[in-house]
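Please read them with the structure open beside you.

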Amino acid sequence: MLRITLNRAVSAAILIVIASIFSFILIAAFPGNVAALIAELRGGFVSQEVVDQVAEEYRLNDPLILRYFHWLGDVVQGQLGHSLRTGESVAEALAERLKPTAVLVVGGSLVTLIMGVSLGFAGALWPNGLADRLIRVFAVFNVSLPKFFLAAMLIYVFGVQLQLLPTFGFRGPASWLLPCIAVGAVPGALLSRLIRVGLEEAMAKPYVITAKAKGFARRRILFRDALPNIVPVFLTAFGMNIAFITQSALIIEPIFSWNGVGAYFVEAARFRDLPVLQSCLLMFSVLFILVNLAVDLIVMMADPLQRRAKRG
Amino acid sequence: MSRPDTNAPLLEVADFSVTLHTPTISVRPVDHVSYSVNAGEVLAIVGESGSGKTILNMAPLDLLPVGVDSDLEGAVRFQGRDLLKMTTGQLEAVRGGEIGVVFQDPLSALNPVRKVGRQLIEGIERHLRLTPAHAEARAADLLSLVGLPDPQSRMQQYPHELSGGMRQRVGVAMSIAGEPKLLIADEPTTALDVTVQAQIVALLKDLQKRMSMAIVIITHDFGVVSGLADRVAVMYAGRLSELGGVHEVLLDPAHPYTRGLLASVPSLSAPLGTPFEGLPGQPPNLARRIDGCAFAPRCPVVRPSCSRDRPPLLSVPRSALGHLAACPVTVNQTA
Amino acid sequence: MIWLCTPLRLLGWPTLLLASFFAFIAIFGAFISPYDPARQDLMSAMQSFSAQHWLGTDNLGRDTLSRLIAGAQTTLIGVTTVLVLAGTAGMVLGTLAGYFGGWLDEIVMRLCDFGFSVPSLFVALAIVGVFGPSYGNMIFALSIAWVPIYARLTRGVVAAAVAQPYIESLRVLGASPARIIFRHLIPVALGQVLVYASADAGLLALAIANLSFLGLGVQPPQAEWGQMLVSAMPYIQEAPRLVILPGLALTFLVIAFNLLGERIALAKNPRPMSRRKLSLRRVLFKKEMTA
């Protein structure tokens, strides 16, 4: 098992390298003159010398590979450059904006977990009953619901009409409720469907017939035999959920005017703020690769089929 | 059944029919079948794939696959009680405790993510009501009984860590864990290597004697039949075509289908170059109505009346008592 | 009596209804649209439901119904374009990787792994951020983000097929790689890809709307539901319908896509029939058996 872990770690490392190359190349592929853009944004008179100066400063005339390694060196030291828009240090800005995004991801994951598990099991315990059919309709609807629409509706109902909850800005737990629901509701519906279908498939397997032949009741079979079979799938899905939820942050943060990393990334995209784009992309890529690695390892440990330590 | 006596059959299948409905098709895999099994007796049910032999045995216990709606008609009485009329709770008590089941593919029959020991012990706990320590000891005993060495280690392993033969032994152990009076073995040797097959057959024979169990063994392998069975039932197109003692049916088959089946088994003692004999044609479509005898289209001794009236099971006069065949043409022939 | 699988039976009437509705709009949109979606009429701005404007007008006096129809076309064309581009590129990569194996396979798989670890919106956002917001760039960005799925899918199908004896026998018979690929591998892969694409289309429609919502996709005056919704947010109190209508439209489109995908999956794992269907089936079968 140690060998597999090392294997996965090496794969993850390779992916991180690919991520860095991708982030770098993407920015380097910018059509148009970066130096001119920077010079313009700095204000003041833009002449050829100024442009050349900027080009020197950012080493824009060096061969691509050299630039890549320089950039990599900077990144490893924590030097992520400065925003073209505001001039502030990207690294500092990212650190500041981490908290709102973290709250969103954790809160959203909680909503997803609660919704997914309760609905999924309810649907499996009483198949084809009223609960199950409602869940299915709800799931289809929820999965199709655009997150920004859900957020807009939540804002309208709870913020505008009922005036119950704050909808602007990252302030206190009351303001966390709506954004977290907006982020977690859709993955929650997906998770509930995954759990229900997974349990359904497990219950259709031959060993369930064996369990029936031994004289066990359906509910017991569901929890004793079917449940352990869906744990790996559930863990993998939940791991993927983290990526999904983080992606939602890109959309939900601007709607609720939260100053998180997601909103930062979006603004950077709007204003062609290349250093920020690059750093955010790299940061998120590395984050996701590491999360996937962690989930992979956890799933491997939880699934007896993957453990090859014992001998027959 | 009017009088309760020890000679009453353990299992009595009376005019039993099964109709299955799936979203795409409806079929009748069991069509008015009747037979009985006495305590301690071994009945082999043979037939081709699709003859209904598995459904015949699984349906009364409500062990059909998910997604299939079934209609059951007739009666299947176990120790006098009709299984078809039982509630789910009553059936759950019977399953595992009074009637055990061994399945064809031990790899899929066992839960891959749970330890073997756990799967065995839970059956013991359910039906024998022992303390956990006693149950565990009993499980180890059972594993030794079915011929697995070092039971304690085996119990800690997962199904995929065992060989096919070992898995099937575990399957057999699980089926007798509740000390059932009747064991239903659904093609227990089909998924195994030939040498292992012989071992499993020997195991079943041994267990049967020890525990005075009745066994209904479903198979298409006549070797298994001759090694294990006291009586044989031959199924064709959901109907019983022949029923009788194993000697009678195998050595002097009355029904043309049985004769064809036996003739098609290649023999080691036949001279080299002997051509294979098969049965011409295909089994009929069970989704459609069958008029008359189901075997008529393929039968070498068919008569016009065969396609009109469905032949009942008739006694074969020249043979021992209890030898029945559903063929008016061959039944009265002499040898 | 064997029940035939007509499209209606396969899909069920809600799916068929929704799907045909959207297909109709996509094809005939220009003809049924009452106004030019880009036509501004400031005199009749912010009107609610009325006889002239069934669904009212927006803040620039543009007819909401026409804009919704135009938005449907934009989304459907966008989804189709991306699926075609990503699907084709993905199938090419996947087939080459699956058939030739070796280092080519390794590289393609690694790239796909990377594509999978980072959610599509990030990649798309970054690409649009670099190249500038526009409809074309959005299509380009989404296509790139969506290639890994189809590459991986195709590669899986092709690799599994190649391991089968019949491919080996084709090679022995002297068939050229091109022939094997085009006549035997691609049809199989295409089937899987289409099944997956039908389920994927919903996600893609959402992605287009998301990007447009952020202002990085479809640019005004071209109509798109996400973009319509975000422009209407400031007016949410006075004219909530301007927010609700595009949102509902998008929801129903995605529902239609999802139902399509789900029905196809259902065809593979049939469920027990409803009681009504079952009793009908019983009666019919009995008639067949005793007639």
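1. **Ground rules.** This is a predicted model; local features need pLDDT of at least 70, side-chain atom pairs count only at pLDDT 80 or more, and totals for chains, interfaces and linings use all residues. Residues are numbered from 1 along each chain as its sequence is written, while chains are lettered from A and ligands numbered from 1 in the order in which they are written.

2. **Chain C overall.** Chain C has eleven helices and zero strands. Helices (H or I, at least four residues) and strands (E, at least two) are DSSP runs, numbered from the N terminus. The C-alpha atoms of chain C fill a box of roughly 75 × 65 × 30 Å along the principal axes. Of the 291 residues in chain C, 42% are buried. Here, buried means 20 or more other C-beta atoms within 10 Å of the residue's own, exposed means 12 or fewer, and partly exposed lies in between, with C-beta atoms placed from the backbone.

3. **Contacts within chain C.** Take the contacts in chain C between residues at least 6 apart in sequence: 70% of them join residues at least 24 apart. Two residues are in contact if their C-beta atoms, placed from the backbone, lie within 7 Å.

4. **Chain C against chain A.** This contact takes 38 residues from chain C and 40 residues from chain A. On the chain C side, two or more residues come from each of α4 (102–117), α5 (120–131), α8 (177–213), α9 (225–232) and α10 (241–268). The largest share, nine residues, comes from α5(C). By class, the chain C side has 26 nonpolar, ten polar and two charged residues. The classes are: Ala, Val, Leu, Ile, Met, Phe, Trp, Tyr, Cys and Pro nonpolar; Asp, Glu, Lys and Arg charged; the others, Gly among them, polar.

5. **Chain A against chain B.** Here 20 residues of chain A are in contact with 27 residues of chain B. On the chain A side, α9 (206–213) and α10 (218–255) each supply at least two residues. α9(A) gives the most, with six residues. The chain A side has eleven nonpolar, four polar and five charged residues.

6. **The core.** The largest nonpolar core has 256 residues. Such a core is a set of buried Ala, Val, Leu, Ile, Met, Phe, Trp, Tyr and Cys residues joined through C-beta atoms within 7 Å. B:Leu120, C:Ala124, C:Leu142 and C:Ala205 have the most contacts inside this core. Its largest share, 15 residues, comes from helix α8 (residues 174–203) of chain A. Beyond its neighbours within four places in sequence, B:Leu120 is in contact with residues including B:Ala139, B:Leu142 and B:Met155.

7. **α10(A) with α12(A).** The two axes come within 9 Å and cross at roughly 170°. Axes are lines fitted to C-alpha atoms, for helices over the stretch in contact, and angles run from 0 to 180 degrees between N-to-C directions. α10(A) and α12(A) are therefore roughly antiparallel. Angles under 35 degrees count as roughly parallel, over 145 as roughly antiparallel, 65 to 115 as roughly perpendicular and the rest as oblique. Among the residues that meet are A:Val231, A:Leu235 and A:Ile242 in α10(A), and A:Phe288, A:Val295 and A:Ile298 in α12(A). The contact has eleven nonpolar, three polar and no charged residues.

8. **α11(A) with α12(A).** These axes come within 8 Å and cross at roughly 140°, so α11(A) and α12(A) are oblique to each other. The contact uses A:Val261, A:Tyr264, A:Phe265, A:Ala268 and A:Ala269 of α11(A), with A:Val276, A:Leu277 and A:Cys280 of α12(A). Eight of the contact residues are nonpolar, with no polar and no charged ones.

9. **Two backbone angles to check.** B:Gln79 has a positive phi of about 50° although it is not a glycine. B:Gln79 is in the loop between β4 (69–78) and β5 (81–82) of chain B. B:Gln79 is partly exposed, with 17 other C-beta atoms within 10 Å. B:Arg129 also has a positive phi of about 50° and is not a glycine. B:Arg129 is in the loop between α4 (116–128) and α5 (132–145) of chain B. B:Arg129 counts as exposed, with 9 C-beta neighbours inside 10 Å.

10. **A:Ser109.** Is this residue of chain A buried or exposed? A:Ser109 counts as buried, with 21 C-beta neighbours inside 10 Å. A:Ser109 lies in helix α5 (residues 90–125) of chain A. Leaving aside neighbours within four places in sequence, A:Ser109 is in contact with A:Gly184, A:Asn241, A:Ile242 and A:Ile245.
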